[in-house]
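Here's a quick briefing to read with the model open beside you.

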Amino acid sequence: MKFKIKFTKKSLADHFKYYAWIYVAAIVISTSFFNISTTMIRNQAPPDQKLYSFVCGDAIALDYFITFHAEMTQAFPHLKVVACDNLAYNSMSTMAKEQKEKFLSLISNKYGDVLVIPYNEFADLAKEGAFEPLEDDFQEYLDDVDPISLKTVTMKLQLDETKEPETHVYGIPLSHLEFFPYYYDTNDKVIVLTSFSQNKDNARSLIKWYLDYMIETEWYGTLN
């Protein structure tokens, strides 16, 4: 005995009407499993094979950010994971709240190596010991920063009660650099190396890559 199933426009419409939620659920579940699998693969890599950075505050156009991230990945071929995320919580988008919560979560969970963040967040976090001193490795870049801006990232902190307070530069201001013009405002941003990074040598190299990228890339000429 042969069964013949006949589809009509009405039967298809009724089918999708009644079973649409199943398809949506399947997509959500598949996406969730994909994200979980990706996270597991990334977490399996040893700390010295992973770099995570976050560009925070303002939104960057997706097509330019994809190009930027691809070039970053190509610059560190010896690493298994080179990830970057744009947390645009200063925007008016519906995702702004979630992006801000993600930023606070990564800080509280001591996650990430290199951050580009607004100064008002930098100041509070630096006082809590969230960032590494930078003057020893980045003096050539700090020489290009005007004294007033440099003063805002120089702090005298006592992060170890057994030692005297020490003065260090905990961030590099970016106001004198161009970074995705028309999209990302560098006037109030600084780049930092987290004190909880487990891959500090490569993270320092990534900061230098960021700074050279901002100086050398003329994005104004590619926006037309």
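One aromatic cluster takes in F65, F68, F179, F180, Y184, W209, Y210 and Y213. This is a predicted model, where local features need pLDDT of at least 70, side-chain atom pairs count only at pLDDT 80 or more, and totals for chains, interfaces and linings use all residues. Residues are numbered from 1 along each chain as its sequence is written, and side-chain values use heavy atoms, with hydrogens and water left out.

**Aromatic pairs**

- Rings of Phe, Tyr and Trp (its six-membered ring) pair if their centres lie within 6.5 Å; planes under 30 degrees apart are stacked, over 60 edge-to-face, and the rest tilted.
- By that rule, the count is 18 aromatic pairs.
- F65 and F68 make a tilted pair, because their ring centres are 5.7 Å apart and their planes sit at 40 degrees.
- Both of these residues belong to helix α2 (residues 62–75), three residues apart, or about one turn of the helix.
- F68 also forms a tilted pair with W209, at 5.5 Å centre to centre and 50 degrees between the planes.
- Buried here means under 20% relative accessible area, exposed means over 50%, and partly exposed is in between (1.4 Å probe, protein chains only).
- F68 has 0% relative accessibility, so it counts as buried; W209, at 17%, counts as buried too.
- F65 is likewise buried.

**Fold and sheet**

- Seven helices and seven strands make up the chain's secondary structure; these are DSSP runs numbered from the N terminus (helices H or I, at least four residues; strands E, at least two).
- Along the sequence the pattern reads α-β-α-β-α-β-α-α-α-β-β-β-β-α.
- Five strands form an open, mixed sheet in the order β2-β1-β3-β7-β6, where two strands pair if DSSP finds at least two bridges between them.
- At the edges are β2 (81–87) and β6 (172–173), each pairing on one side only.
- Strands β3 (residues 114–118) and β7 (residues 189–193) run antiparallel over five bridges, and I117 stands opposite V190 in β7.

**Helices on the sheet**

- Helix α3 (residues 96–108) packs on the sheet and touches β1 (50–56), β2 and β3, with its direction at about 135 degrees to that of β2.
- Contact means heavy atoms within 4.5 Å; axes are lines fitted to C-alpha atoms, for helices over the stretch in contact, with angles from 0 to 180 degrees between N-to-C directions.
- Q99 is in helix α3, and its relative accessibility of 16% is why it counts as buried.
- Setting aside neighbours within four places in sequence, Q99 is in contact with N86, L87, A88 and Y89.
- Helix α4 (residues 119–127) lies across β3 and β7, at about 120 degrees to β3.

**Whole chain and confidence**

- Of the 224 residues in the chain, 40% are buried.
- Among contacts with a separation of 6 or more, 72% join residues 24 or more positions apart.
- Mean pLDDT (the predictor's confidence in each residue, from 0 to 100) is 82, and 77% of residues reach 70 or more.
- Residues 1–13 have pLDDT below 50, with two contacts in the model beyond near neighbours in sequence.
- Residues 15–41 also have pLDDT below 50, with three such contacts.
- Where pLDDT is low, the predicted coordinates should not be read in detail.
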